[in-house]
Amino acid sequence: PRLSIRRMVGNTAARLAALSHGGGVRALSSDLSEMLKNGAAGGGGGGGVDAGAAEEVETGAETLTKVPKDAHTERPPRGRVDRNVDSLPPGSRVILIGDLHGNLIETEQLFANLRSTLGNTGLRRSKIVFLGDYVDRGPDSRGVIDFLLELRAARAVEDGTGGTYFIAGNHDLGMATFIGVPCCDEASVSAEALEATRNVAYKKGFFVHPVEGGMHYQGRRWGGSTVYNCHACFSSYGAGDADYTAESRERLVKAVPDAHKEFLQGLDLCHDAPIPFGPGRLICVHAGLSPDVPAEEQLERLRARDILSPSIQHPDDASRIPALHSRGAVIPMHRDLVGKAIVVSGHHGTMDVNSGDRIIMDLSGGTPSENRPLACMVLSATERFVVGHAESYVWPKSGPSGFGHGGAGVSAEAQAQRGGLLAGVGGVVS
């Protein structure tokens, strides 16, 4: 159903209060933008606000304020490279790369800056984890995936690399399911189960045509509405206009190379591995973990890529996977993991790297600029700093209190002023 202006304002106030706990104003801008887009379109499904999305906005403040005060183990940021890490075993340094969103030129520049910062040896021996959302928004989704495939192949034949890992974002899941290669074990899903992820109340705003083998609702939403901006992705593959017809899907399926389909289908839903520095475990998941389900229960199903498991589905909307889709409620550290893991996400259109073991790394939100570049965090036992595609971008700027575009030490009011909330609500949509 449509959200009334009064209800939207109330939801916005709740989210703003919640985001003062470190979530970042760009996430709020994202929620507002999607509500405005969907409200204008009307209807359910991709054309209206999902039940899950509305519930998330309404309860986000309450969920966030319940997070224990000791949810973060504070570690002061260190703004320079420690060359001693280069001599440690591969993987002693981790590079956590935020959403790329079809921005090939900036992705290439980010890696050039990483190489300049860390050196060839330092970069080679680092573990690299991509946090998802490789497609949509930017002009060259195809070029970004080509770049990632080439990078993975090159690092696979190098000696002493720390490994290269890719997890799925909500945009990647949407594209993958739309072209028939969902990020899961195909043998474990049926057409009926995939189609059952659509709420029957949704009547428009999604791809309505029958598909052999079925389609997860997020695929129907990706290729049947403007919410994901799949048009840019279609264009990058030379597949013509995404006009929501059966023919447009056939064009895209034919245009996407097999190597890209294999890449999308093979994406993990999380990265969960030991690291050689405290607290000893690294968990990367695109949006975060639901506070309402035990962490290990979620992680088990995410590692299994079980996209139909109730343990990782939103309780009110089977099409939404909080680990990939949710906003405010998944931003804090999960209680079960306090002091036990570093948990890293992209997705939120902001950056929070001051908050100890809970890291948000999506500074650009898919629309990179000099001040909000495509960015990544470099993390080791003795390093904690950010590299952006723009050479002028430096973080930390002046020690632990330096502004981090949504860091835990910045008030929501200050974030709104600096992030341009009032000046541009329509940036990030999903």
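Hi everyone, let me open with a question: is Glu 296 buried, partly exposed or exposed? Glu 296 is partly exposed, at a relative accessible area of 39%. For the cut-offs, buried is under 20% relative accessible area, exposed is over 50%, and partly exposed lies in between, using a 1.4 Å probe and protein chains only.

Before going on, a word on the model. This is a predicted model, where local features need pLDDT of at least 70, side-chain atom pairs count only at pLDDT 80 or more, and totals for chains, interfaces and linings use all residues. Residues are numbered from 1 along each chain as its sequence is written, and side-chain values use heavy atoms, with hydrogens and water left out.

Now, the salt bridges. By that I mean a side-chain nitrogen of Lys or Arg within 4 Å of a carboxyl oxygen of Asp or Glu. The structure has nine of them.

Our Glu 296 pairs with Arg 281 in one, with the closest N and O atoms 2.7 Å apart. This pair joins distant parts of the chain, 15 residues apart: Glu 296 sits in helix α12 (residues 295–303) and Arg 281 in strand β5 (residues 281–284). Helices (H or I, at least four residues) and strands (E, at least two) are DSSP runs, numbered from the N terminus.

Next, a network: salt bridges link Arg 83, Asp 86, Arg 93 and Glu 383. Asp 86 is buried, at 16% relative accessibility. Its side chain meets that of Arg 93 at 3.0 Å, N to O, and Arg 93 is buried too, at 2%. Asp 86 also bridges to Arg 83, with closest N and O atoms 3.8 Å apart; Arg 83 is partly exposed, at 44%.
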